[in-house]
Amino acid sequence: MERILIIEDEKDMVTGLKFNLEASGFTVLAAYDGEEGYKLALEKQPDLIILDLMLPKRNGYDVCRSLKQEIPQIPIVMLTARGEEADIVLGLELGADDYITKPFSVLELIARIKSVLRRTKSGTQIPEKYRFGNLEVDFKKYDARKKGKPITLSPREYEILKYFVEKQGEIVSREDLLNAVWGYESFPNTRTVDTHIAKLRQKIEDKPDDPQHVITIHGIGYKFLG
Ligand code: CA
C-alpha cells in the first residue's frame, strides 16, 4: 500500500484529504508544520508528499528544497494558492513534481497523485541518451544527431522532445505541451506550440510533411512515436 505524507497546517483540509486518500487505498501520514513534516518525511520515507506552501515553522519552499536534497526520489505535490504563478514557478524550480491550486477538487488531486506515482514508479525517467529512428539525442549534453550528423535544436526543442519521449505513444494536447514546456513564466497561445512543432519536424523528420515521429492528432494535439 502506498504511503502519502500530508504536510499542511489546516486541520480540516488534512482530515478531508486523509479520508479521501484512505478511501482510494492509500495509507496517510500527516504533519501540521514544516519542521515536523520535514522530519517525518526523512524518518518514514513515504511514497509521495503533499506539501502546502504556507506552513508554520518552515515554509513549503524551504521544506521542498531540503527534501529534494535529502530524498530526491520521493515525489512532492505542492498545494498553492489560487493564481500565484510565481509560487508555482518557484515550487517547480525547487524540484516539486506537480502542484495543485487551492481550492481544488479532491478527485483531481487524487488523479494527479496517481499520475505522479505512475511517472516516478514506472521508471519513465528518460535516459540521458535517447535513440529513435535515425536520431540520437543526448538530453544532458544538449547534443542531437541525425544519421550520425549533428543537428541544432533549441533548448525549447529539447524540452518538447523530452516531454514527448516521456509521454510516448500517448496523445498530448497543445495545452499539456504549453504547461510542461513553457510553464507559467509566459502565456503563449497554442499556435506557438504548432509553430515549434513545425520547426522541430523540419529538423528531425525525414519527410516533415509526412512525419513518422511527431504525429498530428487532429483537434487535440500530438502523439510521439519513438
Ligand atoms: Ca497552510
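**View 1. Aromatic pairs in the predicted model.** Five aromatic pairs are found when the whole structure is searched; rings of Phe, Tyr and Trp (its six-membered ring) pair if their centres lie within 6.5 Å, with planes under 30 degrees apart counted as stacked, over 60 as edge-to-face and the rest as tilted. The model is predicted, with local features requiring pLDDT of at least 70 and side-chain atom pairs counting only at pLDDT 80 or more, whereas totals for chains, interfaces and linings use all residues. Residues are numbered from 1 along each chain as its sequence is written, and side-chain values use heavy atoms, leaving out hydrogens and water.

**View 2. The edge-to-face pair of Tyr142 and Tyr158.** The ring centres are 4.8 Å apart, with 75° between the planes. Tyr142 belongs to the loop between β7 (135–138) and β8 (143–146) and Tyr158 to helix α6 (residues 155–166), so the pair ties together parts 16 residues apart in sequence. Helices (H or I, at least four residues) and strands (E, at least two) are DSSP runs, numbered from the N terminus. Tyr142 is partly exposed at 43% relative accessible area, while Tyr158 is buried at 3% (buried, under 20%; exposed, over 50%; partly exposed, in between; 1.4 Å probe, protein chains only).

**View 3. The stacked pair of Phe164 and Phe224.** Their centres are separated by 5.8 Å, and their planes by 10°. Phe164 in helix α6 and Phe224 in strand β12 (residues 221–224) are 60 residues apart, and the pair links these distant parts of the chain. Phe164 is buried, with 0% relative accessibility; Phe224 is likewise buried, at 0%. One aromatic cluster comprises Tyr130, Phe132, Phe164, Tyr222 and Phe224.

**View 4. Charges over tyrosine rings.** Lys11 sits over the face of Tyr32, 4.9 Å from the ring centre, and Arg58 over that of Tyr38, at 4.6 Å. The criterion requires NZ of Lys or CZ of Arg within 6 Å of the ring centre and within 35 degrees of the ring normal.
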